[in-house]
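Open the model in your viewer and keep the selection tool at hand. Each stop below says what to select and what is there.

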Amino acid sequence: MKNTLTEKEINPLQSIEMWEDDVLERYPVAGEPSKAKDEYRNYDNPVRDTVREFYRLNHTYQTYDFVQEKRNEFLKFDRKEMKPWQAMEFLNTLVDDSDPDIELDQLQHLLQSAEAIRKDGHPDWFVLTGFIHDMGKVLCLFGEPQWAVVGDTFPVGCAFSDKIVYPEYFENNPDSKDERYNTRYGIYSHGCGLDNVQLSWGHDEYMYQISKEYLPEPALYMIRYHSFYAQHREESYDHLMSGHDRRMFEWVRRFNPYDLYSKSPTPPDLKELKPYYEDLLAKYLPATIRL
Ligand SMILES: [Fe+2]
Ligand SMILES: [Fe+2]
């Protein structure tokens, strides 16, 4: 499929952070006035149009088969082997067309999330989770389209919820016409548990698969489902959740504010923080990881 896509279809956003900025507008800090739904969708804004195009592509191409294809391609982990800190530095080579004076780099976002978690006195594995949760964005460095790396995630193999942002674009997704996949449960059953459900492909699932042997379960839930807004904010896939998922999602919800609301314009001091985070990586992750 990739061969038939234009550069604009592979990278519709100037920067993948535009997706997160958009999420932040949809889910503003509690207490701050939220934009009315119509206002959010309709006001005349070129950035908004770019994000909308990003979702059009995401919703069109993330089919059940596409997800299987990507899992086969990337869960072999045959691209690189490096120390965890080197993997973080590799992620930080991801530069895009946005203005470097106003846009924080990848490591800065991760350090800000992790430092906010640390300041609140959470256990060290929670801090580490903040630090590595977006490492999977290295997928962009392997030439993957932005809409197959970031964006809200959602189950494939069953009907798409209208609580997912821009649900109208699922019209273009062939699965919405496929009777195996377009019913409420599709290929799944009531309460089957999210571990049995395939989500759209992106940095969350990829990083979960990299770290699943090494971190406590709440950390793995945070990593795997942090972009699953249709559930952790909208609760629109309750029918697929197990009781255990429901308990674990408390952690996903606890994590989300550190992801969305920890951005501050002052960049953290990487040099000063590096020894602490290197130790933390060494405590939980193996000497080298495979991407
Ligand atoms: Fe993320
Ligand atoms: Fe993030």
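Which residue coordinates both the iron ion (ligand 2) and the iron ion (ligand 1), and how many Å apart are the two ions? Select both ions: Asp 134 coordinates the two of them, and they are 3.5 Å apart.

Before going on, note that this is a predicted model, in which local features need pLDDT of at least 70 and side-chain atom pairs count only at pLDDT 80 or more, while totals for chains, interfaces and linings use all residues. Residues are numbered from 1 along each chain as its sequence is written, chains are lettered from A and ligands numbered from 1 in the order in which they are written, and side-chain values use heavy atoms, with hydrogens and water left out.

**Stop 1: the iron ion (ligand 2).** Select His 109, His 133, Asp 134 and Asp 259, the protein donors of this ion. The histidines use NE2 and the aspartates OD, at 2.2 to 2.4 Å from the ion. Donors here are N, O and S atoms within 2.8 Å of the metal (3.2 Å for Na, K and Ca); water is not among the atoms, so sites may look incomplete. In sequence, the spacing of the donor residues is H-x23-H-D-x124-D.

**Stop 2: His 109 and Asp 134.** Keep these two selected. His 109 sits in helix H7 (residues 106-119), and Asp 134 in the loop between helix H8 (124-132) and strand E2 (155-156), 25 residues apart. Helices (H or I, at least four residues) and strands (E, at least two) are DSSP runs, numbered from the N terminus.

**Stop 3: helix H7.** Select residues 106-119. H7 is mostly covered, with 11 of its 14 residues buried. Among the buried ones are Gln 106, Leu 107, His 109, Glu 115 and Ile 117.

**Stop 4: the whole chain.** Clear the selection and zoom out. The chain has 13 helices and 4 strands. Along its principal axes, the C-alpha trace spans about 55 × 45 × 40 Å. Of the 291 residues, 55% count as buried.

Methods: Buried means under 20% relative accessible area, exposed over 50%, partly exposed in between (1.4 Å probe, protein chains only).
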